[in-house]
Amino acid sequence: MNILVCISRVPDTTTRILVGGDGVSIDTQGVKFIVNPYDEYAIEEGLRLREKNGGTVTAICVGPDAAKEQLRTALAMGVDKAVLVKTDKYFDSYFAAKNIAEVSKEMKPDIILLGRQSIDFDSFQVPSYLAELLELPSVSVVSKLTIEGNKVIAERDVEGGKEILETELPCIISAQKGLNEPRYPKLPDIMKAKSKPIEEKQPVEVEPKVSVIGMEIPSRKRIGKILADTDADIEEIVKSLHEEAKII
Amino acid sequence: MIVKTDIDTIEAYLTDASNLKGKSNKLIIPENKDELKTVIKELFNQNQNFVISAAGTGLTGGRVPKDDTIISIEKLNNILEINPEKKFVRVEPGVTLNQLEEAISLYNLFLPPNPTEKNSSLGGNVVNNSSGSRSFKYGSIRNYVEALEIILSNGETFNLNRGNNFADGNKLSLITDEKSQYNIEFDEITPPNTKHSGGYYLKYNMDAIDLFIGSEGTLGVISEIKLSVAIIPEKVLGLLVFFDDEYNLLEFTEKIREKSLITNKVNIDTNSDIAARLIEFFDEKSLDLIRNKYPQIPAESKGAIWIEQEYSENFENEILEKWFEIISKYSLLADSTWVATNEKEHNNFREFRHQIPLTVNEIISRNGMRKIGTDTAVPSYNFREYYFYVKEKLTELQIDYVVFGHIGDSHLHANIFPKNEAETKKALDFYEMIMLKAINLGGTVSAEHGIGKIKKNYLKMMIGDKGITSMKKIKNILDPKNLLGKGNLFD
Ligand SMILES: Cc1cc2nc3c(=O)[nH]c(=O)nc-3n(C[C@H](O)[C@H](O)[C@H](O)COP(=O)(O)OP(=O)(O)OC[C@H]3O[C@@H](n4cnc5c(N)ncnc54)[C@H](O)[C@@H]3O)c2cc1C
C-alpha cells in the first residue's frame with residue numbers, strides 16, 4: 001500500500017504567541033514548533049495500515065527548512081520516507097494543497113491521510129482542496145477507519161451519534177482525535193530515522209486565494225471576580241448575574 | 001499588612017498536603033520584608049509562638065499550627081534579580097518553582113534539582129532541603145543555595161553568603177546585621193550515606209549557611225534567597241524503558257547508576273557515553289494504574305525505568321547506540337523503548353510520571369482515606385535488600401499499593417491506599433517496619449519530604465537522643481523563647 005501522510009508544522013500549544021512587527025504574521029522568535037497534533041493520528045493510522053498491508057508510508061510537509069525537524073519526528077515514529085516542499089514565505093491552504101497535489105500526481109498514493117485541521121490557522125481546507133484538485137473521494141474528521149481490499153469504511157462522530165460512510169481507494173481521509181492512540185517514537189526507529197533521507201522539492205508557485213490582512217491578540221478581559229458572602233457582595237453577585245452574565 | 005481572625009479564612013492555613021490539621025486564631029500576611037520583620041519583633045515581645053506558612057504543599061505538617069500565630073509569606077513573591085552572566089537569581093521566599101522556572105527559562109536557565117511539586121515555594125524548598133528527579137546528577141537544593149537572609153525570632157537578621165563563614169571545628173560564630181554575636185558549639189550528627197532531609201546539618205568545619213538549609217522553619221525565617229542556576233543543556237534525551245523481568249530491571253539500574261556516577265563528571269561536550277541525569281522507577285502496579293490512559297504501554301511490562309541524559313548533538317548517534325545496546329542486554333522489550341528528544345515529548349514523559357501520584361490521590365479521596373506513603377532511601381549497596389523487603393511486606397499486606405520513585409538515589413515512594421480503618425492500621429504498621437528497615441540498612445526515614453510534625457519519632461530512632469539533644473542545643477541559642485515552628489523536628 002502506498003500511503004501519503006501530510007504533516008504541518010505548527011507552534012507548540014504551550015507557546016505564548018506574539019504578533020510580528022508587520023502585523024500580519026506571528027513573531028516566531030522563541031516559538032517552539034511541533035507536528036500538528038491531529039497529524040499524529042494520521043501518521044499513526046498510516047503506520048498501522050502499513051503494518052497490516054505492507055507498503056510504504058511517505059510524509060510530506062510544505063514549509064520552511066526548519067520543518068525538517070517535524071519530518072524527522074515522523075520518520076522517528078516509523079514513516080519510511082519524507083518530502084519537504086520548501087518555501088520560506090507565508091502561504092495559504094490552497095498553496096499547501098496545490099503542492100501536495102503535485103507530489104501526489106507523481107506518487108499516486110492509495111490513500112492520503114491528514115489531520116482534520118492545522119491548529120495554527122484552523123482553516124480545515126487542505127483535505128477538501130486536495131480532493132478537488134486530485135478528483136478523489138474524501139471523508140473528513142474520521143474517528144474510525146476500516147479498509148478491506150478497496151473498500152473503505154469511515155466513521156465520523158456526529159451530534160448524538162455516528163455517521164458511517166463507505167468509499168473506495170484511492171481516497172483522502174482527515175483524522176479526528178480518537179482515530180487511534182499515536183505511538184511514542186521508539187529507540188530503534190529513532191536510530192533508523194537518522195539514515196532516512198528527506199527529499200527536498202521546489203514549490204509550484206500559485207496565487208493565494210486568501211491573504212491575511214491583520215492579526216491581533218485578543219484583549220485580556222478580567223474574567224474572575226472575588227466576592228464574599230457579605231450582604232453587599234451578595235447584592236453585587238445578583239447584579240452581575242443579571243446585568244453582565246444575563247442569566248437571571 | 002493583612003491580619004485575619006475569622007475562622008473561614010484561617011481554615012485554609014490549618015493543614016498542608018499531609019492532611020494533619022492544626023489550630024490557630026490569627027493569620028498575619030505581611031506585604032513586604034519590613035512588615036515581616038515588624039511582625040516578628042512584635043510577636044517576640046508578646047512571647048507569642050508563630051509558624052511560617054508558605055505554599056502548604058509540605059507532606060509532614062511543618063506549617064500546621066499548634067496554637068501558633070500563622071505568618072504567611074505568600075505576598076513576598078517577587079523575583080528580585082536574574083543575572084544570566086553570573087548565573088544566579090535572587091528571590092523572595094514566596095516565589096514558587098513554577099514562577100521561577102517560567103522567568104528564568106526566558107534566559108535559557110534552569111534550576112537543576114527539579115522537585116516535583118511546582119506550586120511549592122523556594123523558601124519551603126530551602127528549609128526542607130528539597131530534591132527531585134534530577135537530584136541523581138545534581139543533588140538537592142542545598143548545592144544551589146548561594147546566600148540567605150534569615151530573620152531570627154527576635155527580629156534580628158543574618159545575611160549569610162556561602163563560602164564566607166565556616167565553623168572552626170565544631171564552633172560557629174555568627175553575627176547579625178544588628179551586631180549581636182551568637183557562638184554555637186555543636187555536636188556533629190553523621191548523616192546517612194543517602195539523599196537526606198531530616199534534621200539540622202551539623203558537620204565539623206561546615207559552612208554556616210548549611211545550618212539553615214533543612215532546618216524546617218525552626219531556627220529562623222528565610223526572607224531572601226540567592227540561588228545559582230545553570231544553562232539549559234543543548235540537547236536532552238529521554239527514554240522510557242520497559243522490562244519484562246524485575247530482576248533484569250534492577251540489574252540494569254545498578255549498571256547505569258554506577259556508570260553514570262562516573263560519566264556525569266565528564267563535560268557534556270566531550271562525552272559520548274551513557275550518562276543519566278535522572279533515573280526513575282515505576283513498578284508493575286504503577287503501570288497498571290495508568291494503563292487505560294496509556295494503552296501504548298507494552299502488555300508484558302513488569303516495570304519501567306525513565307531516564308534523561310544531557311548530551312551534545314555531535315555524539316547523538318553513539319549515545320543512542322550505547323543505550324540501545326545496554327537496554328537490549330537487560331530487556332526483551334528493548335524495541336519498545338519510548339524516546340523523547342524535543343520539549344513536547346519530554347513533557348509527555350513528565351506527564352506520564354505525574355499521572356501516577358495524581359491517580360493515587362484520586363483513589364485515596366474516592367476511598368475517603370489517608371494516603372500512607374514512604375520517603376525512605378538507603379545506601380545503594382543495600383538497595384536490593386531494601387527493595388525486596390519492601391515488596392515482600394507489601395505482598396503480605398494485601399492492600400492496594402504502588403511503588404515508584406527516584407531509584408537512581410535508591411529512594412522509592414511506596415504508596416498504600418487503604419479502603420477502611422482496619423486497612424489503615426495495617427498500612428501504618430507496614431510504614432513503621434519500612435522506617436526501621438531503612439534505619440537498619442544505614443538509610444534515612446526522610447529523603448526529601450522532611451520530618452515536620454509527623455516523623456519525629458522516626459528521626460529520634462535514626463539519630464538517637466544524642467542527635468536530638470545536639471539539635472535542641474542550637475535551637476536554644478538561636479530561638480531561646482522557643483517561638484518558631486514549635487513541634488517541628490522535635491518536641
Ligand atoms: C504532589 C507533591 C509532590 C511533592 N514532591 C516533592 C519532591 O519531589 N521533592 C521534595 O523535596 N518535596 C516534594 N514535596 C513536598 C513539598 O512540596 C516540599 O516539602 C516543599 O518544599 C514545601 O514547600 P511549601 O512552600 O509548600 O512549604 P509549606 O508546606 O508551606 O511549609 C513547609 C515547611 O517550611 C517552613 N517554611 C516555609 N517557608 C519558610 C520560610 N520562608 N522561612 C522559614 N520556614 C519556612 C514551614 O514553616 C513548614 O515547616 C511534594 C509535595 C506534593 C504535595
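A residue counts as buried if 20 or more other C-beta atoms lie within 10 Å of its own. I wrote that cut-off down before opening the model, which is a predicted one.

**Entry 1: L59(B)**

I began with one residue, L59(B), and asked where it sits in chain B. I found L59(B) in the loop that runs between β3 (50-53) and β4 (69-72). Is L59(B) buried or exposed? I noted 22 C-beta neighbours inside 10 Å, so L59(B) is buried.

Next I looked up which residues L59(B) touches, leaving out those up to four places away in sequence. I listed A17(B), S18(B) and H449(B). I also checked L59(B) against G452(B): the two are 393 residues apart in sequence, yet their C-alpha atoms are 8.1 Å apart in space.

**Entry 2: the ligand**

I then turned to the residues around the ligand, of which there are 38. Which of them come nearest? I recorded five glycines of chain B: G58(B), G62(B), G123(B), G124(B) and G217(B).

I sorted the shell by class and got 20 polar, 13 nonpolar and five charged residues. By element, β3, α4 (122-127) and β12 (221-228) of chain B each supply at least two residues to the shell. The most comes from α4(B), which gives four residues.

Why do I say that the ligand lies between two domains of chain B? I checked that domain 1 (2-72) and domain 2 (79-231) both give residues to the shell, so the ligand lies between them.

**Entry 3: where chain B meets chain A**

I looked up the contacts between the chains and found 15 residues of chain B in contact with 13 residues of chain A. On the chain B side, the elements giving two or more residues are α9 (316-330), β17 (338-340) and α10 (343-367). The largest share of that side is from α9(B), with five residues.

**Entry 4: chain A**

I finished with chain A as a whole. I noted six helices and 12 strands in chain A. Its C-alpha atoms fill a box of roughly 70 × 45 × 40 Å along the principal axes. Chain A has 248 residues, and 36% of them are buried.

Last, I looked at contacts in chain A between residues at least 6 apart in sequence. I found that 72% of these contacts join residues at least 24 apart.

Note on methods:
Residues numbered from 1 in each chain as written. Chains lettered and ligands numbered in written order. Predicted model: local features only at pLDDT ≥ 70, side-chain atom pairs only at ≥ 80, totals over all residues. Buried ≥ 20, exposed ≤ 12 C-beta atoms within 10 Å, placed from the backbone. Contact = placed C-beta atoms within 7 Å. Near = placed C-beta within 6 Å. Nonpolar A, V, L, I, M, F, W, Y, C, P; charged D, E, K, R; others polar. Domains from an automatic or database assignment.
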